[in-house]
Amino acid sequence: MLAGEMGAGVQRAMEIVFTLGRIYGAPDLVPVTHVQISGVSYKNLGDAGVEFLERWADEGARVRVPTMLNPMGMEESSWRDMGIPEEFALPQMAVVDAFVRMGVQPTLSCTPYFLPRGMPKRGDHLAWAESSAVVFANSILGAYTNREGGPGALAAAIVGRTSRYGLHLDENRVATHVIRVRARLKSIADYGALGYLVGKAVRDGVPYFEDLAEQLPLLSGDISGGGDAVDRLKTMGAAMAASGSIALYHVAGVTPEAVERGGDLLRDDLPVVEIATLDRAYAFLDRDSDVREIDLVSIGCPHASLGEIHLIADYLRGKSVHTRLWITTSRWVKRLAEEAGLGEVIREAGGKIVADTCTVVAPIETIGVHTMATNAAKAAWYAPAHSGVKVRYGSLEQCLEAAVTGLWPDG
Ligand code: F3S
């Protein structure tokens, strides 16, 4: 591959994988069973990114393992209704076409673990790029993946391997900090706030939550529909990966490695981080506290599970919303929501289940959105920098109340 005997596209991919391995001192390459690629939105890629991908596809590069895509900047089936301009939509579709020509599945979701095909298992080696998916794969699935860059993940898919360093090695998966949670956690937004604080404190380390299991609902074996514990942990992990660059955490008695390796993950002299209150997180995430009128309520970062959509539909039944409400999710979960009749309830109320995209990677600034409400710490962290919007941050109930009244609720 490196000598170019399998074509220029494969050679380029192997050069990337090999160079990363040399930089990080990897002893060898490890076969991967699954790849997930980020950096799909035209908003981030620009024209240079489109040309780069088209050239790679033209060179004949094809993926060798199941490979999925992160969200792009719009929903394919409804970008005109969303108000996305053609100058954005056409190059965005060219990006997806280039990936599809290389054999990548246009799943366009940051929650590949909710998709039915080939869910990675404990011990699988992956090359995933989306930071919230990486932390979920390592922590909840017990798989092994570094936080790949977009080109690095695509290169790994093309050669079917990645370099064995970082979190592919058990010795790098031990805890660096012990976390004690004294604050009471009531909502998904609270878990996001906790993740924000832990990410700030631990940065790129591996936190070990000593006592979180006391507050966490049971984590069931089947996570594909989401549900209480899964939705809390996916939000918390996404927040940690955003405010820090955490790619793995352990929850004593809950996550697979903590259950299997127990005390082996700990050393006596680890620093202890005690989270007594979430106030500092809310002061930052809900910092635009003078904003009352909300242009867009955004739920689903990471992409909403079927369980979350059930909760939203239950709240909205018989109500109508007075501002834009987007529930962002994958095409697959949207289809399940439609089959369960939830899409109709949400549409009747005036909300919208939006697939393929999210409010961070969509160009919401071009469609008249200046203020946004969300219960997702990652969206609250990134949206202001990406789109210049002001953000209110709170529980799902507060967000849905804001959708119904158009105003952020008092108190
Ligand atoms: Fe996913 Fe977009 Fe959030 S990619 S994790 S919904 S910022």
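Select Tyr113, Phe114 and Phe136: ring pairs link these residues into a cluster. The model is predicted, and a search of the whole structure finds ten aromatic pairs in it.

For one of those pairs, select tyrosine 282 and tyrosine 393. The ring centres of tyrosine 282 and tyrosine 393 are 5.5 Å apart and the planes are at 50°, so the pair is tilted. Now show the secondary structure around both rings. Tyrosine 282 is in helix H10 (residues 279–285) and tyrosine 393 is in strand E14 (residues 390–393). Tyrosine 393 is buried, at a relative accessible area of 2%, whereas tyrosine 282 counts as partly exposed, at 24% relative accessibility.

Move on to the ligand. Where does the ligand sit? The ligand is in the largest pocket. Select the shell around the ligand: Pro71, Cys110, Glu130, Ser132, Gly300, Cys301, Pro302, Cys358, Val360 and Lys378. Coloured by residue class, the shell shows six nonpolar, two polar and two charged residues. Then colour by domain. Why does the ligand lie between domain 1 and domain 3? Domain 1 (8–170) and domain 3 (286–405) both give residues to the shell, so the ligand lies between these domains.

Stay with two members of the shell, Cys301 and Pro302. The peptide bond that joins cysteine 301 and proline 302 is cis, with omega at about -10°. Proline 302 belongs to the loop between strand E10 (296–299) and helix H11 (306–316).

Two backbone positions remain. First, go to leucine 108, in the loop between helix H4 (86–101) and strand E4 (126–128). Phi here is near 50°, a positive value in a residue other than glycine. Is leucine 108 buried or exposed? The relative accessible area of leucine 108 is 0%, so this residue is buried.

Last, select aspartate 356, which is placed in the loop between strand E12 (352–355) and strand E13 (371–374). The phi angle of aspartate 356 is near 75°, again a positive value in a residue other than glycine. Aspartate 356 counts as buried because its relative accessibility is 2%, under the 20% cut-off.

Conventions:
Residues numbered from 1 in each chain as written. Predicted model: local features only at pLDDT ≥ 70, side-chain atom pairs only at ≥ 80, totals over all residues. Heavy atoms only, no water. Near = heavy atom within 4 Å. 1 Å grid on protein atoms, 1.4 Å probe; cavity = no way out; pocket = protein on both sides within 12 Å on 5 of 7 lines; lining within 4 Å. Sits in = over half its atoms within 2 Å of the grid points. Nonpolar A, V, L, I, M, F, W, Y, C, P; charged D, E, K, R; others polar. Domains from an automatic or database assignment. Phe/Tyr/Trp six-rings, centres within 6.5 Å; stacked < 30°, edge-to-face > 60°. Helix = DSSP H or I, 4+ residues; strand = E, 2+ residues; numbered from the N terminus. Buried < 20%, exposed > 50% of the residue type's maximum accessible area, 1.4 Å probe, protein only.
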